[in-house]
Amino acid sequence: MAQIMYENIPQPRSDDRRVWDVPFAVYGYPALLIAHRLKVFALLGEGARTLPEICKALNFKPRPAEAILTAATALGFLSLKDTRYSLTPLAEDYLLEKSPSYFGFFWDMMIDNSEVFSYASLERAVLTDSPQAYGGGDIYKSHEEQAELARRFTRGMHSMSMTLASAWPSVLNLTSHQLMLDIGGGSGAHSIVAALKSPNLDALVLDLEPICEVAQEFINQYGVQNRVTTHVADMWNDPFPAADLHFYSNIYHDWPPERCRFLTEKSFRSLERGGRLIIHDILYNDEKTGPLAAAAYSMLMLGWTEGECYSGAELATMLKDAGFHDIQVYPAFGYFNVVTGVKP
């Protein structure tokens with residue numbers, strides 16, 4: 001066989017970092033979940049430590065300890081100076097339980113349900129177009145039937161919601177509204193912060209009974225019982241109580257388009273003239289070429305729900321078709337946006 005000349009070997013048109021990034025992400029990001037679960041961030045919250053000190057305190061071997069510490073450092077959660085690891089402001093804000101923006105309960109929910117993001121589970125979700133969490137089926141039905149499961153899920157969602165809740169009320173002028181109906185409001189995080197931000201706005205958290213019980217605990221914790229209350233109801237089957245502002249956060253991506261249109265039309269019928277609808281969610285760009293966060297969130301939804309992410313244009317069309325006008329799309333915080341419209 002004739003020898004192939006080097007000049008005849010086809011060369012790729014770009015370097016291979018993006019294909020390496022896939023296995024690196026699969027192995028690299030779980031290091032953070034492991035560090036979280038094994039209390040690395042909690043330990044460093046007490047002060048900077050050297051590698052041997054961390055190993056002694058947490059009973060780690062040096063090789064795995066250095067691997068997860070380096071991953072956490074590379075991803076911006078730790079810094080290393082003079083052989084001592086310490087938390088960055090990012091980790092202090094989001095990974096210490098004493099912080100009001102603590103994200104760890106959401107990571108705990110991921111870890112506790114880690115089988116859902118395994119390769120086998122995600123492939124099964126793609127091939128069957130059906131959720132895999134809790135063994136498959138409707139997770140909200142499971143929450144209705146299993147109170148402890150509902151409590152853990154709601155605390156996980158609260159963990160990701162408080163920071164988001166502090167941002168969107170600054171994007172919109174809410175001064176003309178008196179009562180916000182927080183539909184599928186979960187822990188009440190958005191209602192609590194909206195009420196604290198807007199002195200003239202009260203809020204009503206609408207959700208299933210086990211969820212409302214958790215919401216009441218957070219409402220009491222923030223001392224807003226006179227401004228924020230709960231309303232036990234099924235958003236699909238029960239009428240909406242009177243309110244002049246309807247708010248949905250992290251709801252539309254849980255459901256297919258026809259059910260999102262149902263909620264949009266139900267809100268339009270329930271609101272009086274001048275009432276406002278707000279959808280708060282991660283959105284695709286209008287071309288649906290990204291961002292990766294929205295695509296990854298859709299993959300997460302494949303594992304957990306019947307839903308998917310939408311673009312701002314798709315949600316705006318739903319609002320327009322239902323009868324809303326003055327429809328706007330605004331960036332809110334991080335990956336999240338708001339889509340809003342007013343009933344004429």
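Reader: What makes Cys-212 count as buried?

Author: Buried means under 20% relative accessible area, with exposed over 50% and partly exposed in between (1.4 Å probe, protein chains only). Cys-212 has 4% relative accessibility, so it counts as buried. This is a predicted model, in which local features need pLDDT of at least 70 and side-chain atom pairs count only at pLDDT 80 or more, while totals for chains, interfaces and linings use all residues. Residues are numbered from 1 along each chain as its sequence is written, and side-chain values use heavy atoms, with hydrogens and water left out.

Reader: And why is Cys-55 called buried?

Author: Its relative accessible area is 9%, so Cys-55 is buried too.

Reader: How many disulfides are there, and by what rule?

Author: A disulfide is a pair of cysteine sulfur atoms within 2.5 Å. By that rule the count is zero.

Reader: What makes a set of residues a nonpolar core?

Author: The members are buried Ala, Val, Leu, Ile, Met, Phe, Trp, Tyr and Cys residues, joined through side-chain atoms within 4.5 Å. The largest such core here has 42 residues, and Phe-41, Phe-77, Leu-78 and Trp-107 touch the most other members. Helix α5 (residues 62–74) gives the most to this core, namely five residues; helices are DSSP runs (H or I, at least four residues), as strands are (E, at least two), numbered from the N terminus. Another core, of 27 residues, lies apart from it and includes Leu-204 and Cys-260.

Reader: Which residues is Leu-78 in contact with, leaving aside its neighbours within four places in sequence?

Author: Contact means heavy atoms within 4.5 Å. Among the partners of Leu-78 are Phe-41, Leu-44, Leu-69 and Tyr-85.

Reader: What makes a space a cavity and not a pocket?

Author: On a 1 Å grid over the protein atoms alone, a cavity is a set of points where a 1.4 Å probe fits but cannot get out, whereas a pocket is an open set with protein on both sides within 12 Å along at least five of seven lines; lining residues have an atom within 4 Å of a point. Points are joined across faces, edges and corners, and a volume is the space filled by probe spheres set on them. The whole structure has one cavity of 30 Å³ or more. The largest cavity holds about 50 Å³, and its lining includes Pro-131, Trp-255 and Glu-306.

Reader: Which helix gives the most to the lining of the second largest pocket?

Author: That is α10, with seven residues. The pocket has a volume of about 250 Å³.
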